[in-house]
Amino acid sequence: MEKVKKKSSGMNPFVILFLVMLVCAAASYFISPGAFERIEENGRTMVAEGSFHKVERTPVSIGNFFLAIPQGLVGAASIMFLVMLVGGFVQVYLDTGALDKGIAKILRASDKFGSPIVLVIIMLLFSLIGGFLGWAEQIIPFVPIIVSICLALGYDTVVGMASSAFVCMMGFAVSPTNVYTVGISHEIAQLPMFSGMWLRLIALVVIETVIMIYILVYAARVKKNPAKSIVYGIDNSSLKRDYSALKDSKMTNNQNLALLIFGITFVVAIFGVLHYSWEMEQLSAVFLAGGLLGGLVGRLGVNGTTGSIVKGAKGAVDGALVIGLARAIQVVMTQGGLIDPIIHFFSQSLGGFSPWLAAIGIFVVTLLADGLIPSGSGKAIAIMPIIIPLADMLGITRQTATLAYQFGDGFANMYWFTNGTLLIFLAVSKVPLRKWYKFLWPLQIVLTVIAIAFLGIAIATNYQ
């Protein structure tokens with residue numbers, strides 16, 4: 001008898017984030033209030049060292065609790081619109097047929113070279129995107145496509161999510177040129193931008209290699225025996241796409257040109273980020289233009305192209321809203337006066353440690369703080385002005401302190417349930433959170449040991 005497919009029992013990401021908001025709001029009535037003085041330096045708001053003092057309690061009222069949700073949506077508007085417009089961009093190329101035929105050709109190549117080779121290429125691509133561009137939320141619309149490819153190759157949804165989202169986010173975690181964590185931290189630490197790249201580059205290669213081997217071993221086991229899949233029995237039919245009929249179909253000249261525009265759009269976006277420091281608004285404009293041009297070249301027409309962009313944007317709304325609700329947690333914590341007391345407690349806890357233990361302490365503190373402030377850049381602005389003077393007093397180089405912060409921020413992104421990006425990656429991949437933890441925990445132990453080893457190297461070499 002055929003096994004009846006079960007529905008995912010994972011909790012809705014909106015429910016998880018709303019419950020975290022409730023906990024933070026309740027905590028504002030009990031945690032002793034306090035605040036640091038802020039000063040302006042080089043156009044950036046910084047925390048003044050040693051300025052923590054008691055302030056009046058500001059508990060979050062019911063009205064302010066619900067007001068925090070639209071405020072979080074406004075605060076995350078730029079990344080939300082980018083996610084939606086990238087969703088529209090992807091939908092255009094799906095509707096032209098160019099993307100599906102391109103994927104079909106990749107699958108046909110897998111028959112010749114083997115599915116592991118295709119999987120390695122996918123992982124290398126997303127490793128580069130996360131490792132050198134610092135992208136995470138931006139790849140949300142691509143994850144379901146990668147999942148569908150992995151299902152067609154005989155793998156499961158965990159392999160699809162891990163080979164794209166996980167690899168990308170871990171590239172972000174150890175990126176040599178991550179402007180959101182390393183860049184801001186170097187500004188605060190008054191270090192040359194992206195200095196000390198050699199150790200981070202080695203860490204990127206080592207950590208991504210370990211991750212890829214782990215995924216390949218799991219993928220091979222699942223392909224050999226689907227019953228060994230962590231998500232076996234969970235309905236993934238909505239993610240499956242039938243590419244078999246397209247494997248032998250030829251692409252039209254217009255579809256070839258559309259795929260060329262698809263690739264050029266990414267090249268322009270990457271060039272703009274690296275050379276002109278483009279942010280969310282500029283990237284949104286690039287993908288909107290790429291979608292419009294691709295639709296017209298792909299002969300969707302004006303109405304068809306517009307309809308595809310709207311359709312794709314609608315499909316990305318869930319992901320965008322999760323990002324906005326995650327930002328609302330930070331709004332509640334700010335209104336309730338929770339962030340500064342927690343940061344003060346963590347910073348005080350590191351006093352008196354040896355250099356290596358202090359570096360590990362910064363790593364652990366950042367891991368914990370990530371559950372409260374998922375934003376890497378926001379956390380850097382809040383925490384690094386405290387960590388840098390503390391590192392000076394404990395005999396840790398500022399470069400080592402930055403590395404410990406970067407590892408802590410990036411590693412935590414993959415298991416904190418307050419991270420809206422992780423939740424939406426899991427949701428679009430049909431992977432319940434508890435199943436993800438089952439896949440992740442053995443690997444996370446290994447990666448943590450590797451991170452601690454690299455911090456030891458940084459201490460031993462007086463990392464500059």
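Trainee: Why is Arg241 called partly exposed?

Mentor: Buried means under 20% relative accessible area, exposed over 50%, and partly exposed in between (1.4 Å probe, protein chains only). Arg241 has 37% relative accessibility, so Arg241 counts as partly exposed. Before we go on, this is a predicted model, where local features need pLDDT of at least 70, side-chain atom pairs count only at pLDDT 80 or more, and totals for chains, interfaces and linings use all residues. Residues are numbered from 1 along each chain as its sequence is written, and side-chain values use heavy atoms, with hydrogens and water left out.

Trainee: Thanks! What makes Asp100 count as buried?

Mentor: The relative accessibility of Asp100 is 11%. Buried means under 20%, so Asp100 counts as buried.

Trainee: How do you know that Asp100 forms a salt bridge with Arg241?

Mentor: A salt bridge is a side-chain nitrogen of Lys or Arg within 4 Å of a carboxyl oxygen of Asp or Glu. For Asp100 and Arg241 the closest N and O atoms are 2.6 Å apart, so the pair meets the definition. This pair links distant parts of the chain: Asp100 is in helix 4 (residues 98-113), while Arg241 is in the loop between helix 9 and helix 10 (253-276), 141 residues apart. Helices here are DSSP runs (H or I, at least four residues), numbered from the N terminus.

Trainee: How many salt bridges does a search of the whole structure find?

Mentor: The search finds four. One of them joins the side chains of Lys379 and Asp409, at 2.6 Å from N to O. Lys379 lies in helix 16 (residues 376-394) and Asp409 in helix 17 (residues 398-412), 30 residues apart. Both Lys379 and Asp409 are buried. Asp370, Lys379 and Asp409 are linked in a network of salt bridges.

Trainee: Which residues form the nonpolar patch on the surface?

Mentor: Leu128, Phe132, Met197, Leu201 and Val205 form the patch, with about 410 Å² of accessible area together (Shrake-Rupley method, 1.4 Å probe; for residues, only the protein chains shown count as cover). Patches take residues with over 30% relative accessible area and no salt bridge, joining nonpolar side chains (Val, Leu, Ile, Met, Phe, Trp, Tyr) within 5 Å and like charges within 9 Å.

Trainee: Which helix supplies the largest share of the nonpolar patch?

Mentor: Helix 9 does, with three residues. Leu128 is in helix 5.

Terms used. Helices (H or I, at least four residues) and strands (E, at least two) are DSSP runs, numbered from the N terminus.
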